[in-house]
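Subject: Structure handover

Hello,

Please read the notes alongside the coordinates.

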Amino acid sequence: MLLLAPSTAHAAHGLDLGFFDGVYREDSATRDLWLDRTVAVDANFVRLEIGWPAPDTATRPPSFNARDPSDTHYDFARADAAIVAASSRGLQVLAGFTGAPRWADGAGRPASVTPGTWKPSPKALEEYGAALARRYSGSFPDPARPGQFLPKVKAFQVWNEPNLSKYLNPQWKGKRTAAPAIYRAMLTAFYRGVKSVSTSPLVVSAGTAPFGDAQAGGKRIMPARFVREMLCLRSKRGRLATSTCPAPARFDVLAHHPYSVGRPRRKALNTDDVSIPDIGKLTRVLRFAERKKRALPHKRHPMWVTETSYDSNPPDPHGVALATQARWLEEAFYLLWRQGIDTITWFQVRDQMPIPTYDATNQSGVFFNGGASKPSAVAFRFPFVAERAGANRLRVWGRSPQAGNVTIERFRAGTWRTVRSLPVQRNATFLVRIAAAPRPDRLRARVAGETSLTWTQR
């Protein structure tokens, strides 16, 4: 990560923004409408849940060639349509899946455990990785569009929140963790399958959930501990050390879901939980693992945030005010960017309907379910943040939705006055320092006819 000295005008590393939303898997008219709105708020990519569209039978079909994406046992029609629709709008695709067909579960699944979550077969994951890499290589014929090819997918993500028993089992074996080793084998096998076809697509680890249980034997594992043990490391009195590891994890990107309880700057209570300001807990582990060759291949692995959000009120009576949701979205983006994150997925683009209740659904969209935009839609397209950088200075950050000259303005004596102007490229971030003014200080940014929300620094 490269932060600029106070005398420089703009920052060097950018920020890709996207959405994860089930709406992209709905009927074509609904999907296309919301993909257009996704583009309108200047997202770069979408995270698509494409599933594992193989026969969900108790035993594997004997004639099934799982490495062949054209095998008739597969049904990729829904995934193809969503990927084509997103790609045609210039959106990059992060294609993910969670849950195995029943035949790919490990032996001995208890009746109480959800099928598809019990010790999924690494061999099956390797085969599926090869099939996905072939199908979405950019050179595979599109069955629905004769004479055309399916788009190339930028990245594949293996599973969702594997530190929760909702998605992966068993989490524990007595007082010892089980899920990190299970997931390490899954991730490495999938990576092997993808890279056997092409080195081009990125393999992204499952985003870990932000919170776990404090005691052994629960239904979840704290994310820092999960990642540590997935990477064959241990913590001894706060110091990292290696563990025996005959087959280290292989992946290109490490992902996490840093939800926060309360405002974005609020740290997680427990040592191994990871909220928005705590990303360093994971990057420290990752960099140590790289040095000790416990994170392969031997290179620097970026970290992505593949899910985070806040619900708003309205419509959710338990959410935060609309203006607060917008401000916290901007601040979350800034804090994650400051910690080296260059790819963030917001959950979700539109609110869900409160069926059966608000508590069981999510109202974290930047649009209401009916299509009206929230203030957070402006914040997503043109995030802008100011913070104290000493007694008499402010640090001002943003991401420009357009190329041109960004002007930073301050409201004084009833009018907006330019404080700073700097050239930017589209989707480039900028970071500058300006003189502070008496509090409260109202600031905003403008570029090519667009204006950010006003940021009030108190």
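Strand E4 (residues 155-158) and E7 run parallel and are joined by 4 bridges. Two strands count as paired if DSSP finds at least two bridges between them, and strands are DSSP runs of at least two residues, numbered from the N terminus. Within this pair, Gln157 lies opposite Val204 in E7.

This is a predicted model, in which local features need pLDDT of at least 70 and side-chain atom pairs pLDDT 80 or more, while totals for chains, interfaces and linings use all residues. Residues are numbered from 1 along each chain as its sequence is written, and side-chain values use heavy atoms, with hydrogens and water left out.

The open sheet has 8 strands, in the order E7-E4-E3-E2-E1-E16-E13-E11, with parallel pairing. E7 and strand E11 (254-256) are at the edges with a single partner strand each, so one side of each has no neighbour in the sheet.

Ser205 belongs to strand E7 (residues 202-205). Ser205 is buried, at a relative accessible area of 1% (buried means under 20%, exposed over 50%, partly exposed in between; 1.4 Å probe, protein chains only). Its contacts (heavy atoms within 4.5 Å), not counting residues up to four places away in sequence, are Gln157, Val158, Tyr183, Leu187, Val253, Leu254 and Ala255. The Ser205 side chain reaches the backbone nitrogen of Ala255 at 3.0 Å (a polar contact is a pair of N or O atoms within 3.5 Å, one able to donate a hydrogen and the other to accept it; residues adjacent in sequence count only if both atoms are side-chain atoms).

Regards
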